[in-house]
Amino acid sequence: MDQSDKDAINFIGTVVVLCFVVHVINMLMGGYLVDYGLLPRHVTHTIGLVAYPFIHGSWAHLFSNIVSFSVLGYLVSRSGLSRFMAVFLICWAISGAGVWLFGRMHYHIGLSGIIYGLWAYLLVYALLRRSIKSIVIAVIVMFFYGSMLAGIIPARSWISYESHLFGVVGGAFAGYVFARRDKQRALANVEQ
């Protein structure tokens with residue numbers, strides 16, 4: 001295992017541990033931390049923009065998000081830790097801003113906006129970059145996580161489809177930007 005793998009695993013592990021610790025505290029406080037989730041269009045409640053990914057409503061919610069985040073995050077990290085962190089932050093920012101501006105008026109919590117962003121990044125990046133590595137990763141992602149597409153449809157009132165949708169927007173944006181940049185770098189290297 002090289003240093004890049006170790007760094008990616010450490011970053012993923014840090015996010016997982018943070019979510020777990022926040023969840024334990026939330027359970028001990030009777031679910032009080034949900035009030036620190038993302039509450040759309042409330043200027044006095046901007047803490048939710050920072051806190052919402054780390055708060056989960058149940059153990060099942062936490063574990064399903066942790067598994068998906070770990071797998072998709074590791075796949076994104078195959079392009080390096082700095083790329084993974086950049087995609088993570090872009091997805092967090094765009095998902096949070098989209099939900100804050102357009103979301104339904106209730107608390108939105110959980111890592112799923114970022115997870116959907118990582119998913120969309122992997123697919124859009126592969127579609128535009130068209131390298132063997134990115135296409136293989138995209139095929140694996142679609143095989144195991146293709147059903148995530150249904151998560152952007154407003155089917156259940158307790159699921160933040162807005163977080164999923166804007167996570168996809170953030171991930172697609174990141175995939176587009178990084179695929180173009182990587183293609184230009186590859187062309188420049190060929191011309192030299």
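This is a predicted model: local features need pLDDT of at least 70, side-chain atom pairs count only at pLDDT 80 or more; totals for chains, interfaces and linings use all residues.

Trainee: Which residues lie nearest the centre of the largest pocket?
Mentor: His61, Asn65, Ser112, Ile159 and His164 lie nearest the centre, and 19 residues line the pocket in total. A pocket here is an open set of points on a 1 Å grid over the protein atoms alone, where a 1.4 Å probe fits and protein lies on both sides within 12 Å along at least five of seven lines; lining residues have an atom within 4 Å of a point.

Trainee: Which helices contribute to the lining of the largest pocket?
Mentor: Helix 3 (59-76) and helix 5 (112-129) each supply at least two lining residues. Helix 3 gives the largest share, four residues. Helices are DSSP runs (H or I, at least four residues), numbered from the N terminus.

Trainee: And what classes of residue make up that lining?
Mentor: Eight are nonpolar, eleven are polar and none is charged; Gly counts as polar, and Tyr and Trp as nonpolar.

Trainee: Changing topic: how do helix 3 and helix 5 cross?
Mentor: Their axes, which are lines fitted to C-alpha atoms over the stretch in contact, come within 9 Å and cross at roughly 35°. Angles run from 0 to 180 degrees between N-to-C directions.

Trainee: Which residues make that contact?
Mentor: Helix 3 uses Asn65, Ser68, Phe69, Leu72, Gly73, Leu75 and Val76, while helix 5 uses Ser112, Ile114, Ile115, Leu118, Trp119, Tyr121 and Leu122. Contact means heavy atoms within 4.5 Å. Ten of these residues are nonpolar, four are polar and none is charged.

Trainee: What about helix 3 against helix 4?
Mentor: Helix 3 packs on helix 4 (residues 81-102) at about 125°, with the axes 8 Å apart. Phe69, Gly73 and Val76 of helix 3 touch Phe84, Val87 and Phe88 of helix 4.

Trainee: At what angle do helix 5 and helix 6 cross?
Mentor: The axes of helix 5 and helix 6 (residues 132-145) cross at roughly 140° and come within 9 Å, so helix 5 is oblique to helix 6. Their contact has eleven nonpolar, one polar and one charged residues.

Technical notes
Residues are numbered from 1 along each chain as its sequence is written. Side-chain values use heavy atoms; hydrogens and water are left out. Angles under 35 degrees count as roughly parallel, over 145 as roughly antiparallel, 65 to 115 as roughly perpendicular and the rest as oblique.
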